[in-house]
Amino acid sequence: MRNKIVGIAGSPRKRGNTEKLLDWILDDAAGRGADTEKIRTSELDISPCIECGGCLKKGLCVIDDEMQDIYDSVLGADWVIMAAPLFFMNVPAQMKSFIDRFQCIWAKKFVLNKPVRDDDRRHRGLLLTVGGTKGTTMFAGIDQLMKCFYSILDIEFDREHSLYYRQIDARGDIEKHDTARADALLVAEYISAPLEK
Ligand SMILES: Cc1cc2nc3c(=O)[nH]c(=O)nc-3n(C[C@H](O)[C@H](O)[C@H](O)COP(=O)(O)O)c2cc1C
């Protein structure tokens with residue numbers, strides 16, 4: 001069976017560094033037969049979570065906007081790839097709004113005690129991120145967020161195959177990086193391989 005890979009491009013900068021990393025992976029994975037989908041958060045017409053409590057009754061978000069088409073894609077994927085640069089040590093606001101809209105899954109799981117999804121397949125997730133600066137702890141915040149996001153969605157966060165690059169700032173910097181493209185292609189190969197259950 002073909003692996004379903006859903007990539008979330010979280011930078012507002014089109015064809016920026018993190019989107020490039022994502023495209024390298026999605027294009028190569030598609031060439032290897034994977035079923036790929038890309039979502040750009042800054043092109044979605046979505047509201048942030050308004051903490052209305054509507055999801056506490058059924059575990060479904062009651063805001064009627066483009067997020068409604070996205071839940072099944074993300075929850076059904078074998079691999080989810082979150083691609084986002086550091087903005088003030090974490091993800092850009094567009095991606096944070098996207099993430100917060102999964103509060104309905106938190107409600108389904110922890111308030112209503114229902115399973116997140118019906119299938120028993122493995123679901124795994126990656127992070128692709130860059131920052132303009134350098135520092136040993138600069139990715140601690142985004143890592144914490146991804147750990148939380150993936151854990152609520154019952155997605156295993158595969159940190160080992162996630163990609164982190166420091167001192168990548170201007171658009172196109174990632175293309176000049178010594179190993180980034182090759183790293184991305186290795187990830188594509190890994191996530192296109194048939195998944196064991
Ligand atoms: C609003 C804003 C906040 C940023 N905050 C950080 C930061 O906290 N740490 C960092 O290393 N780089 C920071 N940067 C730099 C970006 O992470 C960097 O330019 C990155 O390459 C952008 O990736 P993109 O092309 O995928 O958008 C920030 C950039 C912007 C525009």
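In which sense do β1 and β3 pair, and over how many bridges? In this predicted model, the two strands pair in the parallel sense, and five bridges link them. The legends below take this pairing as a starting point and visit its surroundings.

View 1. β1 and β3 share five bridges in the parallel sense, and Ile8 stands opposite Met82 in β3. β1 (residues 4–9) is also joined to β2 (residues 35–40) by six bridges, and these two strands run parallel. There, Ile5 is the residue to look for, with Thr36 of β2 opposite. β3 in turn pairs with β4 (residues 124–130) over five bridges, again in the parallel sense. In that pairing, Ile81 faces Leu126 of β4 as its opposite residue.

**View 2. Strand β3 and its two faces.** Is β3 (residues 79–83) enclosed or open? Five of its five residues are buried, so the strand is largely enclosed by the rest of the structure. Do follow the side chains along the strand: Trp79, Ile81 and Ala83 point one way, while Val80 and Met82 point the other way. Side chains in a regular strand alternate between the two faces of the sheet. Here the residues on either side of β3 are all buried.

View 3. Together, β1, α1 and β2 form a β-α-β unit that is right-handed. Helix α1 spans residues 17–31, and Ala30 has its place in this helix. Ala30 counts as partly exposed because it has 16 C-beta neighbours inside 10 Å, where a buried residue would need 20 or more.

**View 4. The largest nonpolar core.** This core has 53 residues, and those with the most contacts inside it are Ile5, Leu21, Ile25, Val80, Ile81 and Ala83. Helix α1 supplies the largest share of the core, six residues.

**View 5. The shell around the ligand.** Which residues come nearest to the ligand? Of the 19 residues around it, these are Ser11, Gly16, Thr18, Pro85 and Gly131. By type, the shell divides into eight nonpolar, seven polar and four charged residues. Helix α1 gives the largest share of this shell, three residues.

**View 6. Two loop residues with positive phi.** Arg15 lies in the loop between β1 and α1. Its phi is near 55°, a positive value in a residue other than glycine. Is Arg15 buried or exposed? Arg15 is exposed, because 11 other C-beta atoms lie within 10 Å, and a count of 12 or fewer marks an exposed residue. Met89 sits in the loop between β3 and α4 (93–100). Met89 is not a glycine either, but has a positive phi of about 70°. With 14 other C-beta atoms within 10 Å, Met89 is partly exposed.

How values were computed:
Residues numbered from 1 in each chain as written. Predicted model: local features only at pLDDT ≥ 70, side-chain atom pairs only at ≥ 80, totals over all residues. Near = placed C-beta within 6 Å. Helix = DSSP H or I, 4+ residues; strand = E, 2+ residues; numbered from the N terminus. Nonpolar A, V, L, I, M, F, W, Y, C, P; charged D, E, K, R; others polar. Core = buried A, V, L, I, M, F, W, Y, C linked by C-beta atoms within 7 Å. Pairing = 2+ DSSP bridges. Right-handed = clockwise from strand over helix to strand, strands pointing away.
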